[in-house]
Amino acid sequence: MDASSELGEFLKSRRAALRPEEVGITPHPTRRRVTGLRREELAMLANVSITHYTRLEQGRAANVSDGLLTAIARTLRLTEDETAHLKDLARPVAGSSRLAPSQTVYASASARQLLAAMTEVPALILDRRNDVLAWNRLGHALLAGHLAVESPDTPAARPNMTRMLFLDERYRALYADWRDQAQLAVASLRQAAGRHPDDRALAELVGQLTMNSDEFASLWARHPVRTCTSGVKQLRHPMVGTMELSFENLVIPGSLGQHLIAYTAEPGSPSEAALRLLGSATVPVVRRSGVTASAVR
């Protein structure tokens, strides 16, 4: 993905979303052809030269200062996540203009041990692209019981949670609030793409989803950006019914973007009872390698 073109599209999308009246500009009733801010209006409000801003939007500005980007972000009323994304795009890591070969990553032995110890909590480990590197018995049963439990162990067969959300009907049906989850997934992927424009596998994932899902393509074109560290999922599980689960998204230090997601239910709630029922419906299976996995009865 080309960070310079992504920067221009991101800035244009945010200019278009901000009406002149919101920033104290009274538009001429007959001479205005756009609903959002013009380049010159944004430059004036941010106190930067129109030439400098135009070069920035065209991806031709070098050594962009933090102060200039902050002024533009403030004028566009960007969120904290959007501001960080703007800076990622405007100042990509040196050498990131060429897509790098994908490197196969794995969850560490200690992280896998932690997952296995979380016997009553569904949990999984994802990389920055949302590929599943590992999941525990209950995490597999909760989110992807229709897939082989050992699939994360083989890089070519690894499930990707974003791909599944748009292209896997059984996983998609799990979410009562699918549209909200889809928007959040795209916003998270946009942020990852801004931070790692040289990630070939990430670019291929975006291309695949854009070609095979009109819903993804529409959301991606809006340039949403958002970090999701915690929240609530409304699930409709095919075995145990409706559940409301809280989740925490925890970055694993020193793992190049891997993160652990764990789900919990409110004590004493019907969701907790459903989660326990799901746990009792799974039985340990010992594979030939000696590694304990799980299966759903």
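## The largest pocket

Helix α10 makes the biggest contribution to the lining of the largest pocket, giving eight residues. Helices (H or I, at least four residues) and strands (E, at least two) are DSSP runs, numbered from the N terminus. This is a predicted model, in which local features need pLDDT of at least 70 and side-chain atom pairs count only at pLDDT 80 or more, while totals for chains, interfaces and linings use all residues. Residues are numbered from 1 along each chain as its sequence is written, and side-chain values use heavy atoms, with hydrogens and water left out.

The largest pocket has a volume of about 730 Å³. Of the 31 residues that line the largest pocket, Asn130, Ser188, Cys228, Asn249 and His259 are the closest to its centre. Two or more lining residues come from each of β1 (123–126), α8 (161–167), α10 (178–195), β4 (241–251) and β5 (259–264). A pocket here is an open set of points on a 1 Å grid over the protein atoms alone, where a 1.4 Å probe fits, with protein on both sides within 12 Å along at least five of seven lines; lining residues have an atom within 4 Å of a point. The volume is the space filled by probe spheres set on the points, which are joined across faces, edges and corners.

By residue class, the lining of the largest pocket divides into 15 nonpolar, twelve polar and four charged residues. Ala, Val, Leu, Ile, Met, Phe, Trp, Tyr, Cys and Pro count as nonpolar, Asp, Glu, Lys and Arg as charged, and the others, Gly among them, as polar.

## Aromatic pairs

Now to the rings: the count comes to five aromatic pairs. Rings of Phe, Tyr and Trp (its six-membered ring) pair if their centres lie within 6.5 Å, and planes over 60 degrees apart count as edge-to-face. Phe166 and Trp178 form an edge-to-face pair, 5.6 Å centre to centre with 80 degrees between the planes. This pair links Phe166 in helix α8 with Trp178 in helix α10, twelve residues apart.

Ring pairs join Phe166, Trp178, Phe216 and Trp220 into a cluster.

## The whole chain

The protein chain has 13 helices and seven strands. Of its 297 residues, 46% count as buried.

Conventions: Buried < 20%, exposed > 50% of the residue type's maximum accessible area, 1.4 Å probe, protein only. Phe/Tyr/Trp six-rings, centres within 6.5 Å; stacked < 30°, edge-to-face > 60°.
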